[in-house]
Amino acid sequence: MQYFKKMPKREIAIKHTTILSAYILIVWGFYRGLFRLPEEVEEIVIKPLIWLTPVFYFLRKERAGLSSIGLTFKNLIPSVYFSIALGIIFAIEGFLVNIIKYKGIDFSANIGSTPLFLALFISLATAISEELTFRGYIFGRIWHASGNELVSNLITSFLWAMVHIPVSIFWWRLDLSASLGLLSLTTIFGIASAIIYARTKNIMAPILLHLFWEWPIILFR
């Protein structure tokens with residue numbers, strides 16, 4: 001497969017993926033627990049620095065191209081179609097959750113005073129950082145090393161869900177049932193995102209899907 005030809009050797013892929021996963025889980029987890037800056041600073045500045053710096057560092061060490069993490073124009077149109085079709089399901093889910101929780105549509109309860117445009121931009125910044133890291137780098141290299149898409153998807157989605165535990169505890173202060181609901185929704189998205197990335201090999205697909213998914217998460221809390 002042309003996609004895997006651009007990958008590093010399997011041993012290197014496993015090593016770098018393990019280091020990156022442990023780094024994100026530990027460093028980002030501690031950061032969430034110790035600091036709380038404005039969301040726009042966290043998602044637009046801090047997260048890209050913490051998450052994407054090691055991704056591009058490893059890319060440079062591997063001498064792997066940007067296409068190895070899905071940054072390509074190939075399959076761009078199918079990526080948009082796939083993400084919109086699947087994303088509509090997440091968007092509808094978000095509306096239903098909001099209606100059930102607030103007995104009506106009340107976006108202000110979750111967005112607060114943040115302007116809609118800024119809220120969307122924050123979601124886009126979050127999607128870029130998280131999808132490049134998890135689907136583009138971690139999932140792609142685990143899949144390359146294992147040769148099994150399903151196993152790679154489940155491993156990546158599990159790690160993806162674990163990363164969201166600190167924010168549910170330290171930021172949103174969810175109770176147990178709400179936390180389990182959030183982690184379930186997060187895992188489902190992770191699986192769907194990896195599936196659509198595996199079909200397109202273009203990171204734009206999970207990034208756009210993430211935008212649809214981000215709002216159900218916002219409306220859920």
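Q: In what order do the elements of the chain run from the N terminus on?
A: This is a predicted model, and the secondary structure of its chain comes to 10 helices and zero strands. Read from the N terminus on, the elements therefore carry a helix symbol at each place, with helices taken as DSSP runs of at least four residues. The order is α-α-α-α-α-α-α-α-α-α.

Q: Over the ring of which residue does the charged end of Lys 47 sit?
A: The charged end of Lys 47 lies 5.1 Å from the centre of the ring in question. That ring belongs to a residue of an aromatic cluster that also includes Trp 28, Tyr 31 and Phe 35. The residue is Trp 51.

Q: Are the planes of Phe 134 and Trp 160 stacked or edge-to-face?
A: A search of the whole structure finds 14 aromatic pairs, and one of them joins Phe 134 and Trp 160, with 5.5 Å centre to centre and 75° between the planes. The pair links helix α6 to helix α7 across 26 residues, and both Phe 134 and Trp 160 are buried. Because planes over 60 degrees apart count as such, the pair is edge-to-face.

How values were computed: Residues are numbered from 1 along each chain as its sequence is written. This is a predicted model: local features need pLDDT of at least 70, side-chain atom pairs count only at pLDDT 80 or more; totals for chains, interfaces and linings use all residues. Side-chain values use heavy atoms; hydrogens and water are left out. Helices (H or I, at least four residues) and strands (E, at least two) are DSSP runs, numbered from the N terminus. Rings of Phe, Tyr and Trp (its six-membered ring) pair if their centres lie within 6.5 Å; planes under 30 degrees apart count as stacked, over 60 as edge-to-face and the rest as tilted. Buried means under 20% relative accessible area, exposed over 50%, partly exposed in between (1.4 Å probe, protein chains only). A charge sits over a ring if NZ of Lys or CZ of Arg is within 6 Å of the ring centre and within 35 degrees of the ring normal.
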